[in-house]
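Q: I am new to this structure and would like a close look at a single part of it.

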Amino acid sequence: RDCWRLRLHFVALPTTMEPTSSEAAPSMVSKLSRTVVQRTQQLLDKSTPYVVPRWIFLAVSLVLFFVRIYMLQGWYIVTYGLGIYLLNLLIAFLTPKFDPAVAETDDDDGQETLPTKNDEEFKPFMRRLPEFKFWLWAQRAIGVAFVATFFKAFDIPVFWPILVMYFILLFAMSMKKQIAHMIKYKYIPLDFGKPKHKGKQDTGKVVQ
């Protein structure tokens with residue numbers, strides 16, 4: 001009987017428990033990060049048609065980065081890594097999405113190729129790396145490199161003239177190979193001088 005009397009004194013625990021501060025914190029952080037990502041994506045979407053201002057902003061960012069490197073007299077490895085990354089982006093930007101060399105050996109794959117004759121149908125140049133992604137990834141790389149200059153761990157001692165000579169040699173060899181590829185398959189990765197197809201202008205007349 002004493003045991004039953006003791007059990008009656010126990011109060012039932014509530015079925016619903018309010019979240020503690022430690023459980024509410026991750027939800028606030030995830031909500032804040034989601035909001036930042038959405039706002040950033042909205043700004044990127046709005047900046048898509050402004051090609052010239054975007055590249056001017058990138059050029060200013062790159063100049064500011066080089067000014068900081070010159071003032072600090074260090075972080076040459078970071079600068080070299082940034083240069084190699086930008087060079088790879090440039091090569092991908094100048095390279096067609098579908099390689100004509102592969103299309104010559106396999107014509108039955110159904111992929112669109114670049115025209116090599118005057119009587120062939122005009123097809124727009126499709127890049128392996130689109131312009132907007134080229135700008136976005138380059139801008140991100142400059143930002144990451146700029147942040148890296150605030151950490152002493154990335155300031156690795158190195159004889160920087162060797163890095164400069166090696167980068168110039170690598171740039172010359174890469175561009176020589178790319179230009180030879182352009183001449184061989186007769187394509188121009190730039191939009192200057194190419195015909196632009198436009199639709200018929202709307203005269204406002206209603207055809208009955």
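Which residues in H4 meet which residues in H7?

A: This is a predicted model, in which local features need pLDDT of at least 70, side-chain atom pairs count only at pLDDT 80 or more, and totals for chains, interfaces and linings use all residues. Residues are numbered from 1 along each chain as its sequence is written, and side-chain values use heavy atoms, with hydrogens and water left out.

From H4, Tyr76, Ile77, Tyr80, Gly83, Ile84, Leu87, Leu90, Ile91 and Leu94 meet Trp160, Leu163, Tyr166, Phe167, Leu170, Phe171, Ser174, Met175 and Gln178 of H7 (contact means heavy atoms within 4.5 Å). By class, this contact has 15 nonpolar, 3 polar and no charged residues; Ala, Val, Leu, Ile, Met, Phe, Trp, Tyr, Cys and Pro count as nonpolar, Asp, Glu, Lys and Arg as charged, and the others, Gly among them, as polar.

Helix H4 covers residues 76-94 and helix H7 residues 160-185; helices are DSSP runs (H or I, at least four residues), numbered from the N terminus. Their axes lie 11 Å apart, at an angle of about 5°. Axes are lines fitted to C-alpha atoms over the stretch in contact, and angles run from 0 to 180 degrees between N-to-C directions. H4 and H7 are therefore roughly parallel to each other, a term for angles under 35 degrees.

Elsewhere, a search of the whole structure finds 2 salt bridges (a side-chain nitrogen of Lys or Arg within 4 Å of a carboxyl oxygen of Asp or Glu). Glu131 and Arg54 meet in a salt bridge through their side chains.

Methods
Helix = DSSP H or I, 4+ residues; strand = E, 2+ residues; numbered from the N terminus. Parallel < 35°, antiparallel > 145°, perpendicular 65-115°, else oblique.
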